[in-house]
Amino acid sequence: MGILPLLSTLSLLPLSLSSTIPHKPAPEYPYAGYLLSTFTDANPAVYWYLSSAENPLAFKPLNAGNPVLTSTVGTKGNRDIFLTANEERSEYFVITTDLDINAPGFSWDEATRRGSRGLVIWRSSNLIDWDEPYLATIESPQAGMAWAPSVIYNATEEEYYLFWASRLYSPSDTNHTGPANLDRIRYATTPDFISFSEPADYVALDDENIPLIDQEFLYLGQEGHYARFLKDENVLHVYQETTTTGLFGDWTRTQDGGEYIRASVYEGPAAFPDVRADGRYYLLMDNYVEYVPFVSEDVEEGEWAELGFNATGLPRGLKHGNVFLLTGREYEAVLKRFG
Ligand SMILES: *[C@@H]1O[C@H](CO)[C@@H](O)[C@H](O)[C@H]1NC(C)=O
Ligand SMILES: *[C@@H]1O[C@H](CO)[C@@H](O)[C@H](O)[C@H]1NC(C)=O
Ligand SMILES: *[C@@H]1O[C@H](CO)[C@@H](O)[C@H](O)[C@H]1NC(C)=O
């Protein structure tokens, strides 16, 4: 494929998260820990794991390892879990792909032609007590599915920007039996996850012939500065792009010459900052079996060093989800209810 492993060219960081990595003194972060939302292949429901600011990747299962939320709508299966909140932390949403790959007669072809065009959503006003789930149909009848939601909240507009992956069939092909265009990243805005704007393309690489799924953003601490991670479905690798001009600004592919974060099979990227070490970021990528942890202290250059499971305490077997930063109050509340 002409793709060389990037590992050899990276200056690897020590394989431990001890204080041996020099970093800028941390500013006063309000965060006390991390909440990881995920699912399992055996039971596609919402599972939570908690870690502290001291040991970001040492996630411990909550609710005695049982699901925190289980869908009663749509396919009743939840994959690709995403937890988000507004800036005031007065409302929280868990948003998932509506897909049960264990259902009788399941086929990926069917799931991408006549799959769910909705996302399963739960709302809470305190992160602890959750309303009943509902299915929000966010895609047009042309779409074959709606996968892998991710969200950025815009506090100025008081709108959530919701992203997902889909493919679209010809308007005349109402049963989606013919060809579709390539998987692409779509988006809509919503003030409340009840009413949504018309879905539109966000990233579509038909000209380059690259199908895309599994986009997730990483805020880089300054207005308009983000990284985003996307899975190229031709090669099944994840690549990174960065911008300094906002979600709809100019994005630059970080890895040189069309390379990837790793030239290995990965999907479901989830990225988050270290709340104590300014400029240190973590990236989890699912190798189809489990999340593998990576760390970067040079995220603008897209340099990610793989970390060991033992060194970090990351549990084995975690699947596509996201990591949400918890304030001290939220951390205590989650621990009290689900610890
Ligand atoms: C929110 O929207 C405003 C107005 O469209 C824009 O200027 C700003 O950059 C956006 N902020 C984020 C965090 O996307
Ligand atoms: C759509 O196509 C599928 C697969 O061929 C078929 O099972 C189904 O009955 C069709 N539905 C309609 C409304 O034609
Ligand atoms: C990680 O820990 C397990 C359990 O203690 C041990 O069996 C394994 O050898 C360790 N792996 C590495 C790479 O140190």
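This is a predicted model: local features need pLDDT of at least 70, side-chain atom pairs count only at pLDDT 80 or more; totals for chains, interfaces and linings use all residues.
**Entry 1, ligand 1.** I started at the ligand and found an N or O atom in the side chain of glutamate 157 sitting 2.6 Å from an oxygen atom of ligand 1. Asparagine 154 also reaches in, with a polar side-chain atom 2.4 Å from an oxygen atom of ligand 1. On its own, ligand 1 has 360 Å² of accessible area, and the protein covers 54% of that (Shrake-Rupley method, 1.4 Å probe; for residues, only the protein chains shown count as cover).

Residues are numbered from 1 along each chain as its sequence is written, chains are lettered from A and ligands numbered from 1 in the order in which they are written, and side-chain values use heavy atoms, with hydrogens and water left out.

I looked up serine 37 and found it in strand S1, residues 31–38 (helices, H or I of at least four residues, and strands, E of at least two, are DSSP runs numbered from the N terminus). Is serine 37 buried or exposed? Serine 37 counts as buried because its relative accessibility is 0% (buried is under 20% relative accessible area, exposed over 50%, partly exposed in between, with a 1.4 Å probe and protein chains only). Its side chain makes a polar contact with the side chain of tryptophan 48 at 3.1 Å. That term means a pair of N or O atoms within 3.5 Å; within protein, one must be able to donate a hydrogen and the other to accept it, and residues adjacent in sequence count only if both atoms are side-chain atoms. Leaving out residues up to four places away in sequence, I see serine 37 touching Tyr47, Trp48, Ile81, Leu83, Gly321 and Asn322 (contact means heavy atoms within 4.5 Å).

How many salt bridges does the structure hold? I get 20, a salt bridge being a side-chain nitrogen of Lys or Arg within 4 Å of a carboxyl oxygen of Asp or Glu. Side chains of opposite charge can pair when their charged atoms come close.

I went through a few pairs:

- Arginine 79 and aspartate 41 meet at 3.0 Å, N to O. The two sit 38 residues apart and link distant parts of the chain, with arginine 79 in strand S4 (residues 78–85) and aspartate 41 in the loop between S1 and strand S2 (47–52). Arginine 79 is buried at 11% relative accessibility, and aspartate 41 is partly exposed at 31%.
- Lysine 319 pairs with aspartate 286 at 3.1 Å, N to O. This pair also links distant parts of the chain, 33 residues apart: lysine 319 is in the loop between helix H2 (309–312) and strand S20 (322–327), aspartate 286 in strand S17 (residues 281–286). Lysine 319 is buried at 6%, and aspartate 286 is buried at 0%.
- Lysine 231 bridges to glutamate 233, with the closest N and O atoms 2.7 Å apart. Lysine 231 is buried at 1%, whereas glutamate 233 is partly exposed at 22%.

I also found a salt-bridge network that links Glu139, Arg184, Arg186, Asp201 and Asp206.

Most residues other than glycine have a negative phi. I noted alanine 64 with phi near 55°, in the loop between strand S3 (60–61) and S4. At 70% relative accessibility, alanine 64 is exposed. Aspartate 80 also has a positive phi, about 55°, but lies in strand S4 and is buried at 11%.

I placed tyrosine 187 in strand S10, residues 184–190. With residues up to four places away left out, its contacts include Tyr161, Phe163, Trp164, Asp201 and Phe248. I also checked asparagine 126, 61 residues from tyrosine 187 along the chain; the C-alpha atoms are separated by 26 Å.
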